[in-house]
Amino acid sequence: MRISKVAVAAVIAVAGTAQAGSLTLDQAIQLAMTRNERAEIAKLDVTIADAQLAQARTAFLPIVDASGQAQYRPRNDPSVTANGTLALSQPIYQPTTFSLYAQAKHTLAAKNAQSIDDRRRLAYDAANAFLDVLLAEEVLQAAQRKLETAEVNVKTTTAQKEAQLVSSNDVTRAQVDLASAQRELASSKGDVDASYVDLELVINQKVTPGLSAPVELLSIGTQAVSADASLIEQSIGRRADLVASKEVAAAAKEFAKVPRAAYLPSFDFGAQITATTDDRNGNTVDGLLAISAKWTLWDSGERSAQVRQRDAQTRIAELQAQQLAREIDADVRSAVVTLNSRQQVLTAAASARDAARKGADEAAILYKQGLAKAIELVDANEQRFIAEVNYATSEFDVERAYLALRLAMGLDPVEEQK
C-alpha cells in the first residue's frame, strides 16, 4: 500500500486494547506534551517573538509624555510657580522601521513553526522511550524463560547423574548455563529499570510497571512502502522545521534592508503644550508644533559594511533552507530503505526464533532419552534466548523505523483514529 494511506491511518490508537491502569503510548506522548519543560519552552519562545513584534510595531505609533514641576521661594521675593508640559512625538517617516517590522513578523512565523517542530520531536522522544521500555521487558521475559529452562536442565542432569546415566561433567555444564541465565536476568532487570527512568524523565511522571503495547504499530509498520515523488513532495511541504528555516531566511533578508534604508532621511512630527502658574505674573499657556528631519549623509562607511555582512548572512540562511530541503528528501528515502530492510530482518528473525524454540524443545526430549549430550542441551537453550532477543529487537526496530519515516515526513507519531 502507498505510504500516503499509511500516514492517515490509525497508527497507534490503542486505547481500546489497553489494559486498565496501564500506560499507553498515546498517553505517554500527551504527558510529555503537558509536563515536559521542553514543550513549555517552545511556547515561551513564541511569546518572546510575539512581544518583539509588538515592540517593533511601536516605531509607527506616537509617544506622549507628561511632566510637571512646582517651585516655592520663601525668602527675599516669595513666590510660587508651577508648570506642566504635555508633549507628543509622532514618527512621520522612519525608513528603517518598515524592514525591522517585517523582520519581526518573519521571526514570529519562524518561532511558531519551530515550536511546532520542537513539540513534535518531543513526542517522538517520548515514543522512543516508551518502545525502549517495551523492548527491555521483552528481553527480560526471554531471560526469565532461559533461567527457568536452565533450572529444569540442572534438575534433569542431576537426576541422570544420580542414576549413573551421565557424568558429572553434564551437571557442571548445566550449572554453568544456570549461572549464565542468572547473570542475563539480573542484567535485563537493570535495563528495564533504567528504561523506566528514561521514560519518566521524558514524560515527567512516575510510571507504574506494565505498559500497554501498541499492537497496531507493528502491523502497520510491516506494510511495504516506496519513496515515490509525491511522497517526497508531500514531506517537504509538511515539515515545520523547513517552514521555520525559510522564515528565518526571510527575516534575514528584511534585516539586510535596514542599512540600505538608513541612507534615506527620516521625519518626525512633534507637538507640545506648556501651562505655567505664577502668583506674581499670572497664568500662561504656550504651544509648539514642529516637524524635524534627520539625514545622515556620511557615517564613515558603517552602513556599507552592514550591507555586505547582512547580505552574506541572508545568503547563508537561504542556503541552510535549501540544504534542509535536500536533507528531508534524503531522510525520507533513507527511512523508506531502512524500514523495508527492517521488515526483511524481522521475517528472518521470526523464522530463526521458531526454529530455535523447536530445537530447544527437541534437545530437552533427546537428552532425557539419552540421545543428546549436555552441551547440546545448553547450547540449544542459549540459541533460543539469542533468537528470542533478536526477534524482539527486530520487532521494535521495525516500529522505530516506521516512526523515523513519519518523523521524516513531518507527521506526528500518534494520530487519532478517524
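Between which two helices does the loop that holds Asn-204 lie? I will come back to that residue in a moment, after a few words on the model as a whole, which is a predicted one.

The average pLDDT of the protein is 89, and 93% of the residues score at least 70. The exception I would like to point out is residues 1–20, where pLDDT stays under 50, although the model does have 56 contacts there beyond four places in sequence. Where pLDDT is low, the predicted coordinates should not be read in detail.

Turning to the overall form, the protein has 10 helices and 4 strands, and, read from the N terminus, these elements follow the order α-α-α-β-β-α-α-α-α-α-β-β-α-α. The radius of gyration is 36 Å, whereas a compact globule of 418 residues would have one near 22 Å, and the C-alpha trace spans about 130 × 60 × 45 Å along the principal axes. Of the 418 residues, 39% are buried, and among the contacts with a separation of 6 or more, 83% are between residues 24 or more positions apart.

Now to Asn-204, which sits in the loop between α5 and α6, the latter covering residues 215–221. Asn-204 has a phi near 60°, a positive value in a residue other than glycine, and its relative accessibility is 32%, so it counts as partly exposed. A second residue of this kind is Ser-300, also not a glycine, with a positive phi of about 65°, and it is placed in the loop between β4, residues 282–294, and α9. Ser-300 counts as exposed because its relative accessibility is 65%, and the cut-off for that class is over 50%.

An α-helix has 3.6 residues a turn, so residues three or four places apart point the same way.

Helix α4 runs over residues 95–162 and contains Thr-157, a residue that is buried because its relative accessible area is 0%, where under 20% is required. Leaving aside residues up to four places away in sequence, Thr-157 touches Val-166, Asp-170, Val-171, Ala-174 and Tyr-367.

In helix α9, which covers residues 302–368, we find Gln-343, and this residue counts as buried because its relative accessibility is 11%. With residues up to four places away in sequence again left out, Gln-343 touches Gly-221, Thr-222, Gln-223, Ala-224 and Val-398.

Ile-236 belongs to helix α7, residues 229–238, and at 26% relative accessibility it counts as partly exposed.

Finally, which residues line the second largest pocket? They are Gln-94, Pro-95, Thr-96, Ala-262, Leu-264, Ser-266, Lys-294, Trp-295, Thr-296 and Arg-303, and this lining divides into 4 nonpolar, 4 polar and 2 charged residues. The volume of that pocket is about 180 Å³.

Definitions and conventions. Residues numbered from 1 in each chain as written. Predicted model: local features only at pLDDT ≥ 70, side-chain atom pairs only at ≥ 80, totals over all residues. Heavy atoms only, no water. 1 Å grid on protein atoms, 1.4 Å probe; cavity = no way out; pocket = protein on both sides within 12 Å on 5 of 7 lines; lining within 4 Å. Points joined across faces, edges and corners; volume = space filled by probe spheres on them. Nonpolar A, V, L, I, M, F, W, Y, C, P; charged D, E, K, R; others polar. pLDDT = per-residue confidence, 0-100. Contact = heavy atoms within 4.5 Å. Buried < 20%, exposed > 50% of the residue type's maximum accessible area, 1.4 Å probe, protein only. Rg over C-alpha atoms; globule rule 2.2 N^0.38 Å.
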